[in-house]
Amino acid sequence: KRVLVSCEHALDFDEGEIDSAAFLNKKTKDIKNIIKNIKTIVGSSVKINSTSSLNRVAIVGYPNAGKSSLYNLLVGENKSIVTKTKGTTRDSLESSIWVDNHNVVLVDTAGIRKSQDHIETLGIEKTYEQIYKASIVLLVDEKNPLQLKKKLGKKLNNKKTILILNKVDINKKQKTDSSTILFSCKDKTGLSKLLTALSTCISSMSGEKSIYANSVNDRQLGLLNQILSGLSNCVDVEKSNDLALYASRLSLVINLFEALLFPKSKDEIINEVFEGFCVGK
């Protein structure tokens with residue numbers, strides 16, 4: 001806006017009172033700096049949508065390992081069905097939770113096993129999709145979560161994993177290594193350790209992804225690219241010394257900036273549409 005105000009002010013002078021070429025050259029340097037900054041933002045951004053998150057955590061394991069019980073415990077509501085029947089969870093379930101000031105998308109998945117049931121098989125395929133989308137995987141098993149990790153192998157794709165040996169309130173003689181969290185959904189054994197491990201994982205990932213300073217959605221990314229195009233058009237006008245055209249193109253860019261910073265609500269858009277109609281009797 002500062003550049004546009006300067007251009008509008010310059011238009012009030014007579015042609016002989018201002019050196020248009022020198023003026024536009026100076027303003028174009030400012031525009032090029034803005035372009036450089038926006039390119040840095042776009043280049044260091046992560047595109048986000050409703051199904052992706054930097055902190056996406058998938059709960060994975062065999063049927064009846066306690067995945068849904070763990071999900072409900074972390075979410076704080078009975079959103080996932082818990083029964084003794086295998087294959088109850090046939091689709092992924094998501095909730096947003098906070099872990100130490102980190103926003104986390106928690107995903108409950110279908111149990112991994114061979115099944116003749118077509119619907120359950122589709123759920124298991126979605127589990128593999130959720131593993132692919134996740135940034136962290138909680139591997140839950142009541143016998144040997146490390147063995148589960150080895151079985152999944154390449155499907156984990158070197159993702160950060162937290163091993164959880166569940167149902168220790170029932171199977172107290174279970175043996176495991178130091179990397180595994182002993183857990184019980186019933187009496188909340190290991191809950192504090194799990195939350196600490198999850199927070200540590202997310203914090204380390206935040207450090208690894210520190211270059212991703214910005215998260216943008218499709219609308220924001222589209223507008224940023226339009227702004228870049230509009231500013232480039234302003235730079236192209238410099239050689240013509242046409243101050244009025246320069247200001248006009250810059251004004252269009254300002255409109256794009258306002259759309260980026262102050263998006264209109266759906267109600268405002270609908271009202272503007274109906275204001276264009278003439279309703280007669």
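Predicted model: local features only at pLDDT ≥ 70, side-chain atom pairs only at ≥ 80, totals over all residues.
Residues are numbered from 1 along each chain as its sequence is written, and side-chain values use heavy atoms, with hydrogens and water left out.

Let me begin with the interior. A nonpolar core here is a set of buried Ala, Val, Leu, Ile, Met, Phe, Trp, Tyr and Cys residues joined through side-chain atoms within 4.5 Å, where buried means under 20% relative accessible area, exposed means over 50%, and partly exposed lies in between, with a 1.4 Å probe and protein chains only. The largest such core has 25 residues, and those with the most contacts inside it are Leu70, Ile136, Leu138, Ile162 and Leu194. Among the elements that give two or more residues to this core are α3 (67–75), β5 (136–141) and α6 (191–208), with α6 giving the most, namely six residues; helices (H or I, at least four residues) and strands (E, at least two) are DSSP runs, numbered from the N terminus. A second, separate core has 19 residues, including Ile31 and Val235.

Now to helix α3, which is largely enclosed by the rest of the structure, because seven of its nine residues are buried. One of these is Leu70, whose contacts (heavy atoms within 4.5 Å) include Ile59, Phe183 and Leu194, leaving aside residues up to four places away in sequence. Ser68, also in α3, counts as buried at 10% relative accessibility, and its side chain is joined to that of Asp108 by a polar contact of 2.8 Å; a polar contact is a pair of N or O atoms within 3.5 Å, where within protein one must be able to donate a hydrogen and the other to accept it, and residues adjacent in sequence count only if both atoms are side-chain atoms.

Finally, which residues form salt bridges, taken as a side-chain nitrogen of Lys or Arg within 4 Å of a carboxyl oxygen of Asp or Glu? The count comes to two. In one, Glu94 meets Arg56 at 2.4 Å, N to O, and since Glu94 lies in strand β3 and Arg56 in strand β2, the pair ties together parts that are 38 residues apart in sequence. Arg56 is buried at 1%, whereas Glu94 is partly exposed at 35%. In the other, Lys167 meets Glu142 at 3.6 Å, N to O.
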